[in-house]
Amino acid sequence: MQIQLNGENTQVAATNLIELVAELGLEQRMIAIERNMEVVPKSEYTGTQLEESDRIELVHMIGGG
Amino acid sequence: MSDIFKVGTHEFTSRLIVGSGKYKDFETTKLATEASEAEMITVAVRRVNITDMGKENLLDYIDPKKYTILPNTAGCFNAEDAVRTLRLAREAGGWNLVKLEVLGDTETLYPNVVETIKAAKMLVAEDFEVMVYTNDDPIVATRLEEIGCVAVMPLGNPIGSGRGLANPFNIRVIKQRANVPIVVDAGIGTASDAAKALELGADAALINTAIAEAKDECMMARAMRDAVRAGRLAHLAGRMPKRAFASASSPTEGYIWD
């Protein structure tokens, strides 16, 4: 399906957030996900189904002051 | 001598907080941070680059078990974006102690105080421990303390300018009126600026560019470490009064010609 991932329209095979994390190869990274403006706790990744046109923000920590 | 720097529910021995931005590579970030002996380091929250993730990550070099990670809201220009950013940071690493900064424009990077106050209220209501970047304005500093911020962080000068303390008197006034720690954040360019901030009574200094843009980052990190310590000791020791005229250091009696 097509979702908006970090601002870009993206085709993904994943049907839920745990699959999305695996599809992107981010299992080992310290990340956080926002789905349609709501932060999703890691414990809810498996139960959070992706839907067409979902707006997903996927962030991590980088250098900054 | 025990001299603990207490911020909210956290305690530190170091009064130097460092940033992790602008370094040429992660290895230098790690080495300079170690050299600084800081215990708290700021990080930014950004989108993962999905098409080019890179093999390495900042947190592979800066161990969150070793350092207190202080997520910031750098780049946010309104309260809503700042709160969203820190909610994500809390989910990513479980970090509750955060650095709030809401900027006014890209040229000056001055704080947008109106949005900062709005964001601070929202974050405190969500049980964040908020260290807040703001102007060197004593009235605003008091307001942010009243809202429930655990530390107020007035700028010395604009972010990345390295111009030192523009208004030392205000830093002192802010500290005298405050019941929470005061951290000079932004503007420190070299070691004497950091020492001055602590001499004035600031509880800590937050430094990034001055270390990251030094020719020798690790040496500057050590300089800042020592400057913060020297400034703190001088503050605690209580400086001598300034006089209009000389005051002899050697006794003025017992001369051989008397």
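A residue is called buried if its relative accessible area is under 20%, exposed if over 50%, and partly exposed in between (1.4 Å probe, protein chains only). This is a predicted model, in which local features need pLDDT of at least 70 and side-chain atom pairs count only at pLDDT 80 or more, while totals for chains, interfaces and linings use all residues. Residues are numbered from 1 along each chain as its sequence is written, chains are lettered from A and ligands numbered from 1 in the order written, and side-chain values use heavy atoms, without hydrogens or water.

Start with chain B as a whole. Buried residues account for 52% of its 258 residues. The C-alpha trace spans about 85 × 40 × 35 Å along its principal axes.

Now look at contacts, meaning heavy atoms within 4.5 Å. Take those in chain B between residues at least 6 apart in sequence: 66% of them join residues at least 24 apart.

Next come the aromatic rings. Rings of Phe, Tyr and Trp (its six-membered ring) pair if their centres lie within 6.5 Å; planes under 30 degrees apart count as stacked, over 60 as edge-to-face and the rest as tilted. Over all chains, this rule gives three aromatic pairs. One of them joins B:Phe5 and B:Phe12, a tilted pair with 6.1 Å centre to centre and 40 degrees between the planes. Both B:Phe5 and B:Phe12 are buried. B:Tyr255 and B:Trp257 form a stacked pair, at 4.7 Å centre to centre and 10 degrees between the planes. B:Tyr255 has 34% relative accessibility, so it counts as partly exposed. B:Trp257 counts as exposed because its relative accessibility is 63%.
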